[in-house]
Amino acid sequence: DCAVWGRASEALSRLAELLRGARTAKRDQAVRERLDQAAERRRAEDEAFAEAVGADLNRGRLSAAAMISEVARAAPKEAAVTSEIFSNTAHLLRCFDFRHPLDFLSARGGGIGQAIPSAIGLSLAQPNRPILAFTGDGSALYTIQALWTAAQHELPIVAVVLNNGGYGILKSGFDYYRDRRNLPALTAYPNLELE
């Protein structure tokens, strides 16, 4: 409702003053309650996720969630992650603890094939840090030659390729645009299967 023009430092200082003045014990209590509720929801979600992963592993099924969970459990705590597994990003965010700058890099804007090259750039920027590059089988095909570059420079990168047998992100894109234009859904995706 209101645009503010001015120097950022002055505007933020004034805004901080206004917010400090708006605090009351009642509001602080409400904030604490909301934070507690959010923490409880997260605990419940984490437990449900762990149960689902455990059930998958007990059945001998390595689902994407189970695989990501196992990789996260085995990964060094200081590892950084690049990702191009859009349909499984929620699993990455649940399994890894991204708290620092450059802990997690992912693409925006719909380009395909960036996970492994991004891992190379991240490794060159932080030479002593292990890097995990999560990518799909379709996405990996766009820049698979980046593995040669990583090997030639002996970079500490592990590429994790999820194999769903097709171009999942392109299928999702078709579905999204067909739905937006009220077109019938596709039952087959010509030339997008990789079996």
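**Figure 1. Accessible surface and overall fold of the protein chain.** The accessible surface of the protein chain comes to about 13,600 Å², and carbon and sulfur atoms account for 55% of that area. The model shown here is predicted. Its secondary structure comprises 8 helices and 4 strands, which follow one another along the sequence in the pattern α-α-α-β-α-β-α-β-α-α-β-α. The protein chain has a radius of gyration of 22 Å, well over the 16 Å that the globule rule gives for 195 residues, so the chain is more spread out than a compact globule. Along the principal axes, the C-alpha trace spans about 60 × 45 × 40 Å. Of the 195 residues, 29% are buried. Among contacts between residues at least 6 apart in sequence, 67% join residues that are at least 24 apart.

**Figure 2. The largest nonpolar core.** This core has 13 residues, and those with the most contacts inside it are M67, I68, L92, F96, L132 and F134. Two or more residues each are supplied by helix α3 (64-74), strand β3 (131-136) and strand β4 (157-162). Helix α3 provides the largest share, 4 residues. In soluble globular proteins, nonpolar side chains tend to be buried together.

**Figure 3. The surroundings of L92.** Leaving aside residues up to four places away in sequence, L92 touches I68, V81, S83, I85, F98, F104 and F134. Two of these partners, I68 and F134, are listed with L92 among the residues with the most contacts inside the largest nonpolar core.

**Figure 4. S139 in helix α6.** S139 is found in helix α6, which covers residues 137-142. The relative accessibility of S139 is 9%, under the 20% limit, and therefore S139 counts as buried. When residues up to four places away in sequence are not counted, S139 touches E84, I112 and G113.

**Figure 5. L19 and a nonpolar surface patch.** L19 is found in helix α1, which covers residues 8-22. Because its relative accessibility is 53%, over the 50% limit, L19 counts as exposed. Together with L12, L15 and L18, L19 makes a nonpolar surface patch of about 400 Å².

Key. Residues are numbered from 1 along each chain as its sequence is written. This is a predicted model: local features need pLDDT of at least 70, side-chain atom pairs count only at pLDDT 80 or more; totals for chains, interfaces and linings use all residues. Side-chain values use heavy atoms; hydrogens and water are left out. Patches are made of residues with over 30% relative accessible area and no salt bridge: like charges are joined within 9 Å, nonpolar side chains (Val, Leu, Ile, Met, Phe, Trp, Tyr) within 5 Å. Accessible areas come from the Shrake-Rupley method with a 1.4 Å probe; for residues, only the protein chains shown count as cover. A salt bridge is a side-chain nitrogen of Lys or Arg within 4 Å of a carboxyl oxygen of Asp or Glu. Buried means under 20% relative accessible area, exposed over 50%, partly exposed in between (1.4 Å probe, protein chains only). Contact means heavy atoms within 4.5 Å. The radius of gyration is taken over C-alpha atoms; the globule rule is 2.2 Å times the number of residues to the power 0.38. A nonpolar core is a set of buried Ala, Val, Leu, Ile, Met, Phe, Trp, Tyr and Cys residues joined through side-chain atoms within 4.5 Å.
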